[in-house]
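Hi there,

Here is the structure I promised to hand over. Have a look at it first, and my notes on what turned up follow below.

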Amino acid sequence: MACAPNDLLPLQDIITESAANGYGDQLLQRLGHFWRNKLFCDLTLRVESASYQVHRLVLAACSDYFEALFSHNMQERHSSCLDLPSVEASGFEPLLHFAYTGNLPLTLLNVENILPAAAFLQITAALQAISDFLKSKMTFDNAKRLVNLGEHYGLIELRSHLKEMILTDFTSFAETELFLELSPMELTGYLMEDCLNVPNELTLLKCVLRWYHADVTNREEHIADVLDKIRYTLDGWSAVAFARKTEPFISNRQCREILSWCERYLQNPFGRVMLQSYRTRVRSLERSLVQVGGIRQEKNDPFPGFVLPDDDEVPEERTGCMLNRFYHRTLQKWMPLGEMEATDAMSHCPLVEVNDFAVLVGGYLYTTDFNLGRYQHCSNEVRLIQAGCGFASWDLPCLLGARAHHTAVFCQNYIYAIGGKNESGNLSSVERYSLEEEEWSYVEELPVATFDHASCIMQDQVFVCGGTQKGRVVNDVLCFVPCAEEWTSRPPLLTARTGHAMAAIGDEILVCGGSTALGAHYRCLASVESFNVRSQQWTFIKPMRQDCCSMTAVVLDSKLLLVGGENSVGDLLTQVQEFDPKSETWGTYCSLPTAMKSVGCCALTVKLTDAGKTAESEKELNCAESDDDYPDDDNDDDDDDDVLRHLQHSAPFNASGFMERIGNVFF
């Protein structure tokens, strides 16, 4: 049936483009055929004693030099024959083959002829192919020659590639002559890199001492500055003990001062947070998600470790988690948290990142009693956790008052513990811990006792929002200015919420989820609000994929992570949601090993191994070094002092927690 004229589609709607598969390859093959058979050639190139029949169009397409030559009104533009006196035939022929086939035959022998010709003729694609080839063939033995060759012709990326090789396998590099030729400035530059890959700092120290002894006379004046860049404290006492018995530490006062600083650092766990610097940073660019405690669902087993009759009938209940982990992004699995792998069960324990340490502030501890069963109680304990020492931990001064359902933040060398509740009721008090004075003190309290609120730091100010006050959910937003030590009001949330999460990214504060009511009528939210500190306005942005409350917010790599939580039907969640503020999209970062809520979480720099452990857990430096690695020392008392000092300042043993678990089993 014929269509009426008005029914005809516009021409642009019925024409489509259809790409021919392999058309580019076919075209290149045809050009190569024409070149090999000298068809349609319009130019003769003379290079040394050889002549080549070519096509101007092909040369101009692949070479900036020929494009400029043929584009301008120059004599060569109209000539049928052209001489190239600056190019050798041995370097030009492979490039001509490349122009017509896209293939460049390279070896370490012919590349020295091809590279000058490619640079002169400005054949960008060939230069990139040569650069990739030299990178693939570079070793520590030929690196100096290849880097110098490349830089002479503008391939400056080869030096960056060599640096990457050195940082990746520094131990092998340290065995070469190239390492011994480094200048003090070059070696210092490598030692300052956080991504320098070495088994441990003691190995690195021995490499540097080898470099030093290769030219003591010229390196004596620089050695203290070089040795200062080794991070002795990451190995505990082993690197310090070795250095104290070794030159130049014995005779060089500046070198001894380095060790004195390290000893003060190791002897004072409380003060380590204030002493963080290039000397103590973990050698890694990888920040990992760390989990401590949380509420989980498990069987109420009064006799852990024993299989009882009718064990399947033991009822499940929610209790604190005693297993702590960190997430290995490369392996995509949760790994034990070193010395903190198993602790007393806990929950509602804020985990605050402080200068790349984690500080655990209060929360609930869970105890099992033969007569009373399992019960929870508020804690005033504060623990310092250091990722760079295998997640070793130390007790910090306790809170002035036990609390849970509170928040904790770090701002201007102070840790703040805000609101919450304990056995006596809801709290409005705010405590502040000074890193310098190493003590807690009370500051201006909240206007109203509040718990299950959220807080974050923005522009060196403490923001607190929402929560539960006097039995109702509120949308209040408060701001604490440390220098004024007072709370002021800010524009309220668009939705009252409690048990929500809050974090600052850039110049915005994000508030996610939570619940709108208490008791049996509670309903979890999926909505997300954003507060712009410049406009002082709240706006709704893209909601979460899952409605939830009692999750924990962590900022990792400029993205927001929401860990665990509970949904509206009361199910605990394993999901770790991820929000990208740039694209305003939600995704899944990972899943927890078990469903949990009210988890203590933060992000720390962790040096990981391919086996999935922290680097510190694989060192075992105190047992791995043989006596031959140390200089002779007739005074064995010094060794005893080292061991004693190490034991005195190791993480304290929690005897009460241990005896409590023993009692749970046998009594």
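Let me begin with a pairing: strand β15 (residues 414-418) runs antiparallel to β18, with five bridges between them. Two strands are taken as paired if DSSP finds at least two bridges between them, and both helices (H or I, at least four residues) and strands (E, at least two) are DSSP runs numbered from the N terminus. Within this pair, alanine 417 stands opposite glutamate 431 of β18.

Before I go on, a word on provenance: this is a predicted model, where local features need pLDDT of at least 70 and side-chain atom pairs count only at pLDDT 80 or more, while totals for chains, interfaces and linings use all residues. Residues are numbered from 1 along each chain as its sequence is written, and side-chain values use heavy atoms, with hydrogens and water left out.

Back to β18 (residues 430-434), which has another antiparallel partner in strand β19 (residues 439-443), again over five bridges. There, glutamate 431 has tyrosine 442 as its bridge partner. Four residues lie between the strands in this hairpin, and glutamate 438 takes a positive phi near 55°. How many of the five residues of β18 are buried? Five of the five are, where buried means under 20% relative accessible area, exposed means over 50%, and partly exposed is in between (1.4 Å probe, protein chains only). Val430, Arg432 and Ser434 point one way from the strand, while Glu431 and Tyr433 point the other way.

Now the overall picture. The protein chain has 22 helices and 34 strands, and 49% of its 667 residues count as buried. Its accessible surface comes to about 32,600 Å², with 50% of that belonging to carbon and sulfur atoms; the areas come from the Shrake-Rupley method with a 1.4 Å probe, and for residues only the protein chains shown count as cover. Among contacts (heavy atoms within 4.5 Å) with a separation of 6 or more, 58% are between residues 24 or more positions apart.

On to the interior. A nonpolar core here is a set of buried Ala, Val, Leu, Ile, Met, Phe, Trp, Tyr and Cys residues joined through side-chain atoms within 4.5 Å. The largest one has 106 residues, and the members that touch the most others are Ile130, Phe170, Phe179, Leu205, Leu227 and Tyr232. Helix α14 (residues 201-213) gives the largest share of this core, eight residues. Apart from it lies another core of 18 residues, including Ala358, Leu365, Phe391 and Cys602. If you zoom in on phenylalanine 179 and set aside neighbours within four places in sequence, you will find contacts with Phe170, Phe173, Ala174, Leu187, Cys207, Val208, Arg210 and Trp211.

There is also a helix pair to look at. The axes of α9 (residues 143-152) and α10 (residues 157-168) come within 8 Å and cross at roughly 155°. That makes α9 roughly antiparallel to α10, a label used for angles over 145 degrees, with under 35 as roughly parallel, 65 to 115 as roughly perpendicular and the rest as oblique. Axes are lines fitted to C-alpha atoms, for helices over the stretch in contact, and angles run from 0 to 180 degrees between N-to-C directions. Where they meet, α9 brings Ala143, Leu146, Val147, Asn148, Gly150 and Glu151, and α10 brings Leu158, Arg159 and Leu162.

Next, an open sheet of four strands, in the order β8-β7-β4-β34 and with antiparallel pairing. β8 (333-336) and β34 (600-605) are at the edges with a single partner strand each, so one side of each has no neighbour in the sheet. From one strand to the next, the twist averages 35°. β7 (residues 325-328) is joined to β8 by four bridges, and tyrosine 327 has tryptophan 334 in β8 as its bridge partner.

Finally, two serines. Serine 284 is in the loop between α18 (253-267) and β4 (287-292), and at 13% relative accessibility it counts as buried. Leaving out neighbours within four places, serine 284 contacts Asp194, Thr605, Val606 and Lys607. Serine 489, in strand β25 (residues 486-490), counts as exposed at 59%. Beyond four places in sequence, serine 489 touches Val477 and Leu478.

Best wishes
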